[in-house]
Amino acid sequence: MEGKGDIILEGKGICKGFPGVWEHLILDHIDIDVKAGEIHTLLGENGAGKTVIANCLSGFYLLSEGQILVKGKPVTLKSPRDGIRHGIGMVHQELALVKPFTVAQNIVLGLSSSDLTFPLTEVEDRVRELSEKYRLYIDPLARVEDLSAGEQQRAEIIKVLYHDPEILILDEPTSLISTDAEHLFDALNSLAKMGYGILFITHKIEEALEAGDRVTVLRLGKSMGTKETAKTDKTELVKLMFGEHTPVHLERKPVKSDKIALEVKNLEALAADEEPALQGVSFTIREGEIIGFAGISGNGQSELAEVITGLRRATRGQVVIHGKDYTNRSPGEIIRAGVSHIPEKRREMGVIEPMTVAENVVLKDIRISPFSKGPFLNMPHITGHTQEIVSRFGALVSDLWKSQTRILSGGNIQRLILGRETWRMPKCIVAVYPTQGLDAKAVNHTWELFMRLREAGSAILLVSEDLDEIMALSDRIAVMSQGKIAGMLDGGAAKREEIGLMIATGAPKT
Amino acid sequence: MNLAFLRGIFIGSLHAMVPITLTATGEVIGESSGLFNIGLEGIILMSAMTGALGAEAGGPIAGLLIGVATGAAIGLVFGSICTYFKGVQLIAGVGINLFAAGLVTFWLIDLGVPGHHAVADEGQMVDISTPLGDLSPMIIVAFVLPVLTYILLFRTKLGLKIRAVGENPQAADVAGINVHRLRLLSTVVGASLAGLAGAYISVDWMGSVTKEISAGRGFIALATVVFSGLNPMLVLLGGFIFGFFDNLAVWVSTMPAVQRVIPWQFVSMAPYIVTLLVVAGVIGRVRFPAAMGIPYERE
């Protein structure tokens, strides 16, 4: 192994553009290096290109331009196997494990021994040995699908370490194990002390400051520079990540209308695992009012949104939209009643991924003129309409009728959904995590948009985990806890600490 | 009913199970790797034809080998379309069936008697005499191959790799496995066994080629694969069940006494109805590779 502080992996002028997909490069001349014995953090928002760099450095993607050097020697990586051979091991974000196989079987897959052998017992012993050595405990005989997310991640790290790499690349490892990140950082620190070079990818500034020796910030495919963690702080990193921006000033006039747009009475529903998810939720939203549902996800917010939009059955209670009972009606009827839905899982619920951008944008409108004339689609109108939404929301797409939605980044899909669900100025909007994956500028635009919709009389049910968002937008704030509304606060007067305490304890402050 | 009678049914079933077992064993390998070949019926038909002509030219063994080669060649085309060219597997498979049906019909016309061609005696495989009765040596092959395939899939690293590319091709790619090449290899091996099955039918079992000689056995083999849940040992059992009913239909056609009770047309339906029932019974309970039928793309 190289001495401490020597550069062991270096990327020079790395460019990557996926053919036909983007008008700009996904990676634009990135320089990055990893030294032996250090943790180098790669920090950036979703869609900044972090994963693409990792895939390029590990041999999964081919470079469009640029050079990779291992210990100063240029190398060409054509496949992950080349990466492994040069001592580069990558822990993928969506773990590269075959679920029905055991941990040991997954490791056997990557061995270069003869195909007719089956060195299982040998691998099992070595896994136990590595588990001890790195204190990443894992049962080699356990089936991957039976393991928890944290255990699966440990298995993946052990799998990579099995090949004796010198460089370890971890792509957003904390996204799977938000509660157990400390343990991972300990393990990474001890690996670094042993002389491994570690490239750690995250979108969380705190983690970059806590875990790394150096941090490189990425914004929209460009490197914003590399800093030593000891000599930088949160403010500087925020500036590098998002660019200079002034927080928007949102003006809020009092709610004008007394008309109730959405009323939910004593609602109960079951979660996917048949456990009670909603246990008697009641509230009303007036026209021109935003109610923010705060709380840790998994306390019934998703189910609430699904019941209102007709995607989940209510076992008790009522959903009343503009005075008419819509309990357990079909999603189609509820859409026609004027309810828009910005869904939680944008890829699964928000779009049909293999369909094109234009098709997805008009998905809910094709039944009516002028989007269709009789049985035929009105192509010129659809094209114009999609073009308008794409440019108004600043979505990056290459071709409206050719690009599959699948290849867009999460943030761009979110922009399309926002456009589709709000252009009609709907009477009622159920918005679940509406700004997920957007950069700071787009978040500001979305907040402004919501305020305009509010002015125009939309009733908005906002579910968010981001307290800033809840506090900036909501007229009233409902805190969800274990399927109930733990308390309803006035948006203007609520204090951050008050909401935080309520989220944590599930009870209003006494 | 006497003992000789039952023995006859048993021997007939053993012969009838050979093509289904061979084809299904091959398809287990292919489906484990993630490719679903609906063109097995066409491969059986084509190799029955080429195998018969090969046997007349160079003896029964040459005929069987020509059948294997025919299957491999079709498998190579099918596999390439479904991996490197990212084609739709269903369409490619249906293409094979249509191509085979057309070509064999034309070929038989060209040979003289439309629709039928008897394989010359010297081209036919000779059965071996056993205390049980005359048995084709191919029955042994049909019993041994599933066992070998089981060992390959579940007891070797190659088998683990094949199952990995079917289950999670991306993880396999990351592990350094050439996904396209391994899927192609698996489907070529699978198609070769279907080719062997086709040649067995014409060269050994029936001793003739007709344009309907495959008689749905490719599809029954697909059903056997479903029944087995991709376990080659269960292919043996499934193959025998389907073979039994296949043979039953033939047997009833020689028994006027039975025919007075049940018209033979109904008995001929038996193998197909049993297929439907078995598949309807087990489907949903069987777990198939997660990535089966989906072309793999890295970027």
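Where is A:G221 found in chain A? A:G221 sits in the loop between strand 9 (214-219) and strand 10 (222-228) of chain A. The model is predicted.

A:G221 has 22 other C-beta atoms within 10 Å. The cut-off for a buried residue is 20 or more, so A:G221 is buried.

A second residue, A:N189, gives a sense of distance. A:G221 and A:N189 are 32 residues apart along the chain. Their C-alpha atoms are separated by 28 Å.

## Domains of chain A

The domain assignment of chain A gives three entries: domain 1 (7-242), domain 2 (252-338 + 426-510) and domain 3 (348-425).

Between domain 2 and domain 3 of chain A, the C-alpha centres lie 26 Å apart. The contact involves 14 residues of domain 2 and 11 residues of domain 3 of chain A. On the domain 2 side, helix 15 (residues 440-455) of chain A gives the most, with 4 residues. That side of domain 2 divides into 9 nonpolar, 4 polar and 1 charged residues.

## A buried helix

How many of the 8 residues of helix 9 (residues 301-308) of chain A are buried? The count is 8 of the 8, so helix 9 is largely enclosed by the rest of the structure.

Just after helix 9 of chain A comes A:G310. A:G310 takes a positive phi of about 85°.

## Backbone details in chain A

The peptide bond from A:S369 to A:P370 is cis. Its omega is near 5°. A:P370 lies in the loop between helix 12 (357-361) and strand 17 (372-373) of chain A.

A:M425 is not a glycine, yet it has a positive phi of about 50°. Its loop runs between helix 14 (410-422) and strand 19 (428-432) of chain A. Is A:M425 buried or exposed? A:M425 is exposed, with 12 other C-beta atoms within 10 Å.

A:Y433 is not a glycine either, and its positive phi is about 45°. A:Y433 is placed in the loop between strand 19 and helix 15 of chain A. With 22 C-beta neighbours inside 10 Å, A:Y433 counts as buried.

## Contact of chain A with chain B

Chain A gives 22 residues to the contact, and chain B gives 19. On the chain A side, helix 2 (80-85) and helix 3 (103-109) are the elements that give two or more residues. The chain A side divides into 13 nonpolar, 6 polar and 3 charged residues.

## A helix crossing in chain B

Helix 1 (residues 3-32) and helix 10 (residues 232-252) of chain B have axes that come within 6 Å. The axes cross at roughly 135°. Helix 1 and helix 10 of chain B are therefore oblique to each other. Antiparallel would need an angle over 145 degrees.

The crossing of helix 1 and helix 10 of chain B is right-handed. The residues of this helix contact in chain B divide into 14 nonpolar, 8 polar and 1 charged.

Conventions. Residues are numbered from 1 along each chain as its sequence is written. Chains are lettered from A and ligands numbered from 1 in the order in which they are written. This is a predicted model: local features need pLDDT of at least 70, side-chain atom pairs count only at pLDDT 80 or more; totals for chains, interfaces and linings use all residues. Domain bounds come from an automatic or database domain assignment. Two residues are in contact if their C-beta atoms, placed from the backbone, lie within 7 Å. Ala, Val, Leu, Ile, Met, Phe, Trp, Tyr, Cys and Pro count as nonpolar, Asp, Glu, Lys and Arg as charged, and the others, Gly among them, as polar. Axes are lines fitted to C-alpha atoms, for helices over the stretch in contact, and angles run from 0 to 180 degrees between N-to-C directions. Angles under 35 degrees count as roughly parallel, over 145 as roughly antiparallel, 65 to 115 as roughly perpendicular and the rest as oblique. A crossing is left-handed if the near helix is turned anticlockwise from the far one by less than a right angle, and right-handed if clockwise.
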